[in-house]
Amino acid sequence: MAGLELLSDQGYRLDGRKATELRKVQARMGVFAQADGSAYMEQGNTKALAVVYGPHEVRGSRSKSLHDRAVINCQYSMATFSTAERKRRPHGDRKSSEMSLHLKQTFEAAVLTQLYPRSQIDIYVKILQSDGGNYSACVNAATLALVDAGIPMRDYVCACTAGFVEDTPLADLCHAEESGGGTTLSLALLPRSENIALVQMDARLHQDHLPALMEAAMEACKGLSKVLDSVVRQHLQEVSVQTRE
Amino acid sequence: MRETPLSNCERDFLLKGIQEKKRLDGRQTYDYRNIKISFGTDYGCCTVTLGKTRVLAQVSCELVPPKDSRPTEGIMFFNLELSPMASPGFQSNRQSELLVTLNRQLERCLRNSRCIDTESLCVISGEKVWQIRVDVHVLNHDGNLMDAASVAAISALCHFKRPEVAIQGRDVTVFSPEERDPVPLSVYHMPICVSFAFFQQGSYLLVDPCEKEELVMDGLLVLAMNKHREICSIQSSGGIMLLKDQVLRCSKIASVKVSEITELITKALENDRRARKEGGKFGFAESIAKERITVLTREEAPLDTTDIQATADGIISKADAPPEVVPSPVIVATGTGQVGEGLENTWGLEEDDEEEEMADVTERKTKEDEVMVLSDSEEEEVVILNQDGRSKRSQR
């Protein structure tokens with residue numbers, strides 16, 4: 001992949017975006033009737049579904065329940081057809097269990113779990129098509145699903161990736177940019193308080209470049225939060241129109 | 001067995017200490033515990049002790065067909081194991097959350113940062129490459145497994161030597177160490193993880209948390225860096241809220257710590273190389289002190305004792321003198337008895353009452369007798385044996 005030019009001399013990326021430009025975001029809330037909350041999210045070609053059940057009584061062993069807050073249970077899976085090579089195991093391998101864990105930690109930080117002691121909130125996310133930024137698509141979709149389920153949160157949790165090519169931070173990487181071996185920073189941000197719920201970075205980056213990269217990722221997250229907010233407002237409007245009739 | 005939970009008292013004590021910038025073992029906020037790196041007799045075998053945390057890493061290699069997607073690159077495989085030997089909380093053959101995080105963090109720290117030249121591990125393109133397998137075993141858990149594991153893994157990789165191979169046409173000959181000298185791996189840089197524990201919603205942070213501190217912490221931030229001040233991976237966990245400045249500050253601290261640890265590793269490698277070259281003694285057997293019970297040894301905490309006498313005197317002088325008067329017994333109300341306290345024995349006093357009671361009984365008896373005896377005389381003489389006084393009374 002060394003020959004691939006990630007950023008042209010004119011400042012355009014592989015898919016014709018500018019360095020700080022996000023991919024097109026499309027989202028719907030309330031896509032399933034059975035679940036308490038659900039959402040569908042597209043970030044470019046990355047497509048994710050999220051479903052939320054709960055808060056409900058703790059299932060399985062009672063010992064898992066916490067006396068002062070709710071347990072968050074996350075499961076991340078990828079559809080077998082989501083990648084170029086067919087996946088054999090949709091979930092349960094190391095990467096997916098790590099992803100489930102990260103999602104859990106992200107939402108433990110953001111959801112007001114202390115309002116629901118001894119209960120459980122289930123978040124199931126599935127990647128339908130993977131084109132880079134799986135974690136961020138999952139977080140954004142799960143946020144919308146949680147809003148749909150009416151579970152109180154501190155703020156929207158917005159996640160976005162950022163990369164670093166030729167001294168320029170790139171926002172919202174696609175698969176080709178991610179797999180090139182360059183730096184990838186995933187950030188889950190609560191935009192209003194600028195609190196970072198989760199940060200993860202791969203591959204080498206000089207320490208001096210870190211502030212610029214984080215700044216770019218945070219800007220991208222804030223941009224996403226505006227999109228998510230408009231999606232929620234639009235959904236509420238549609239729902240209120242429907243219920244009035 | 002489940003991990004023993006920390007009591008509330010202990011939790012409060014630890015947190016109070018952290019607030020006052022004091023740690024259980026007398027360390028400063030940004031101090032590491034003592035790191036000791038020793039190598040085994042085999043190449044690629046390394047144990048690291050970080051305080052009481054003990055980790056063993058062993059590197060091995062084998063010839064395998066490469067992955068289809070990367071036909072010219074060798075394969076790196078990392079596996080970290082938490083045996084129940086290290087801590088009663090660990091269960092064998094169970095994918096716990098801790099195990100997943102540690103394994104992935106190790107992979108991301110060492111594989112994704114490309115610290116090993118994988119292309120040099122190719123033997124025949126598309127057919128045979130070396131697979132380097134790094135097994136990390138946790139022998140004793142006293143917190144901060146990640147840092148210990150990363151130091152052990154990278155030291156073992158630097159120490160490891162793979163057999164020399166020769167290729168003639170399509171035939172591959174693997175030479176034993178006796179025939180040809182084994183070759184070391186080409187290591188580009190040495191990424192080392194540094195863990196930061198956050199307490200009280202991120203207002204306090206500690207480097208290298210020990211097991212107790214890990215039990216009370218809110219969250220963890222692990223940074224992997226090398227001595228060139230390049231960040232190789234960042235991972236936050238535990239559901240904490242961080243601010244950008246905190247991450248940047250941690251990266252600054254980490255760069256200092258990493259350069260210290262790197263120096264330590266190169267020194268340990270150098271010592272081992274020299275010992276082998278000179279034909280001296282090397283390996284674990286040499287590095288462990290003999291005739292010593294290692295369990296009971298306790299490292300002396302570097303406590304600041306300079307003004308301890310003065311402080312103690314100060315406390316004594318300020319304190320109230322102990323009361324000299326022995327407190328007198330308090331009688332709550334009349335009629336309540338107290339056991340001990342030097343009061344007079346009251347048991348003897350009740351004897352009279354008893355006698356009176358007995359007298360009453362006899363009186364009643366006499367009345368019954370009166371009914372029984374059909375006599376007009378009121379002053380019937382009743383004979384009671386033994387005591388004259390009683391018969392008198394009954395005659396009343």
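This is a predicted model: local features need pLDDT of at least 70, side-chain atom pairs count only at pLDDT 80 or more; totals for chains, interfaces and linings use all residues.

My entries below cover the annotated domains, some charge pairs and a surface patch.

I looked up chain A in UniProt, where an unreviewed entry marks "domain: Exoribonuclease phosphorolytic" at residues 21-152 and 155-220. For residues 21-152 of chain A I noted 25% helix and 33% strand, with the end C-alpha atoms 30 Å apart. Residues 155-220 of chain A came out as 24% helix and 48% strand, and their end C-alpha atoms lie 16 Å apart. For chain B, UniProt (unreviewed entry) gives that feature at residues 32-163 and 189-255.

**Salt bridges.** I picked out R28(A) and E238(A), whose closest N and O atoms are 3.5 Å apart. This pair links strand β1 of chain A to helix α4 of chain A, 210 residues apart. I then turned to E213(B) and R27(B), a salt bridge at 3.9 Å between the closest N and O atoms. E213(B) sits in helix α4 of chain B and R27(B) in the loop between α1 and β1, so the pair ties together parts 186 residues apart in sequence. Both E213(B) and R27(B) are buried.

I also checked E270(B) and R273(B), which form a salt bridge at 3.0 Å, N to O. Both lie in helix α5 of chain B, three residues apart, about one turn of the helix.

**Surface patch.** Last, I noted a positive patch made of K95(A), K67(B), R70(B) and R114(B). I placed R114(B) in the loop between α2 and β5 of chain B. R114(B) counts as partly exposed because its relative accessibility is 46%.

Methods
Residues are numbered from 1 along each chain as its sequence is written. Chains are lettered from A and ligands numbered from 1 in the order in which they are written. Side-chain values use heavy atoms; hydrogens and water are left out. Patches are made of residues with over 30% relative accessible area and no salt bridge: like charges are joined within 9 Å, nonpolar side chains (Val, Leu, Ile, Met, Phe, Trp, Tyr) within 5 Å. Accessible areas come from the Shrake-Rupley method with a 1.4 Å probe; for residues, only the protein chains shown count as cover. A salt bridge is a side-chain nitrogen of Lys or Arg within 4 Å of a carboxyl oxygen of Asp or Glu. Lys and Arg count as positive and Asp and Glu as negative; His and the chain ends are not counted. The place of a charge is taken as NZ of Lys, CZ of Arg, CG of Asp or CD of Glu. Helices (H or I, at least four residues) and strands (E, at least two) are DSSP runs, numbered from the N terminus. Buried means under 20% relative accessible area, exposed over 50%, partly exposed in between (1.4 Å probe, protein chains only). UniProt positions are given in the numbering used here, feature names are shortened, and annotations may be inferred rather than shown by experiment.
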